[in-house]
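Dear colleague,

I am handing over the structure below, together with its sequence, and would be glad if you could read it alongside the notes that follow.

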Amino acid sequence: MTTYKLDDLAYAYDALVPTIDEETMHLHHDKHHQAYVNNLNAALEGVDLKEQTIEELLKNLDQVPAEKRQAVINNGGGHFNHTLFWESMTPGGSNEPQGDLANEINKAFGSFDEFKAAFEAKGAGQFGSGWAWLVLDNGELKVTSTANQDNPVMDGVTPLLGNDVWEHAYYLTYKNVRPDYLKAWWKVVNWDVVAERYSAAK
Ligand code: MN
């Protein structure tokens with residue numbers, strides 16, 4: 001059985017200030033994400049599964065005993081989503097998508113600004129906790145949202161970018177105003193990583 005572990009951030013806790021404050025980064029990474037990892041490992045204790053990545057586990061949920069499946073969706077999803085989230089950000093961001101990905105975004109959404117508006121609308125419109133996504137679905141770029149820690153991988157769809165719209169992601173800085181957080185977040189998005197995910201998936 002695989003024991004999943006929480007990786008350190010690739011940047012300092014205060015590196016994304018002022019978009020994301022340092023206390024939020026500590027709580028979010030060290031407490032919330034760590035809890036998902038701990039709860040995932042606890043849920044899988046004594047379950048006979050082969051060594052596999054968190055993505056492989058979520059792609060093949062039917063291998064998980066029925067009574068453990070929701071715990072794996074919640075906590076395994078939490079682990080996968082947050083790992084992707086940390087890797088999707090970098091201090092200062094990387095501005096805008098370039099090349100092939102930029103062309104495909106323009107084709108799918110009209111323009112980069114229209115893509116951002118559609119993504120923000122998905123995040124703002126997700127009732128309660130969840131995620132906003134840019135995904136590659138059968139070769140097509142789409143924006144979607146999921147509830148709780150559900151994610152596109154469970155549905156065989158490839159996530160390219162995800163923003164966490166749980167209140168714990170933004171409340172200390174943005175209070176109840178989720179749309180302000182969604183708008184500010186573009187300043188720290190690492191489009192180079194998104195482009196790598198796109199190249200690998202298409
Ligand atoms: Mn979170």
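**The sheet**

Strands β1 and β2 pair in the antiparallel sense over eight bridges, where two strands count as paired if DSSP finds at least two bridges between them, and where helices (H or I, at least four residues) and strands (E, at least two) are DSSP runs numbered from the N terminus. Please keep in mind that this is a predicted model, in which local features need pLDDT of at least 70 and side-chain atom pairs count only at pLDDT 80 or more, while totals for chains, interfaces and linings use all residues. Residues are numbered from 1 along each chain as its sequence is written, and side-chain values use heavy atoms, with hydrogens and water left out.

The two strands β1 and β2 form a hairpin with two residues between them, and Asn-138 in the turn has a positive phi of about 50°. On the other pairing, six bridges join β1 (residues 130–137) to β3 in an antiparallel arrangement.

Leu-134 stands opposite Val-143 in β2, and its bridge partner in β3 is Leu-161. Leu-134 is also, with Phe-115, Trp-185 and Trp-191, one of the residues that touch the most other members of the largest nonpolar core, which has 56 residues; such a core is a set of buried Ala, Val, Leu, Ile, Met, Phe, Trp, Tyr and Cys residues joined through side-chain atoms within 4.5 Å.

Phe-119, in helix α5 (residues 112–125), is buried because its relative accessible area is 1%, the limits being under 20% for buried, over 50% for exposed and partly exposed in between (1.4 Å probe, protein chains only). Leaving aside neighbours within four places in sequence, the contacts of Phe-119 include Leu-134, Val-143, Leu-161 and Asn-163, contact meaning heavy atoms within 4.5 Å.

Asn-163 belongs to strand β3 (residues 158–164) and counts as buried, because its relative accessibility is 0%. Beyond its neighbours within four places in sequence, Asn-163 is in contact with residues including Phe-85, Phe-119, Trp-131 and Trp-185.

**The helices**

Helix α1 (residues 22–44) and helix α3 (residues 66–87) pack at an angle of about 145°, with their axes 8 Å apart. Their crossing is left-handed, a term that applies if the near helix is turned anticlockwise from the far one by less than a right angle, with right-handed if clockwise. Among the residues making this contact are His-28, His-29 and His-33 of α1 and His-79, His-82 and Trp-86 of α3.

**An exposed loop residue**

Asn-176 lies in the loop between α6 (171–174) and α7 (178–185), and is exposed, with a relative accessible area of 57%. Not counting residues up to four places away in sequence, Asn-176 touches Tyr-170 and Tyr-171.

With best wishes

Technical notes: Axes are lines fitted to C-alpha atoms, for helices over the stretch in contact, and angles run from 0 to 180 degrees between N-to-C directions.
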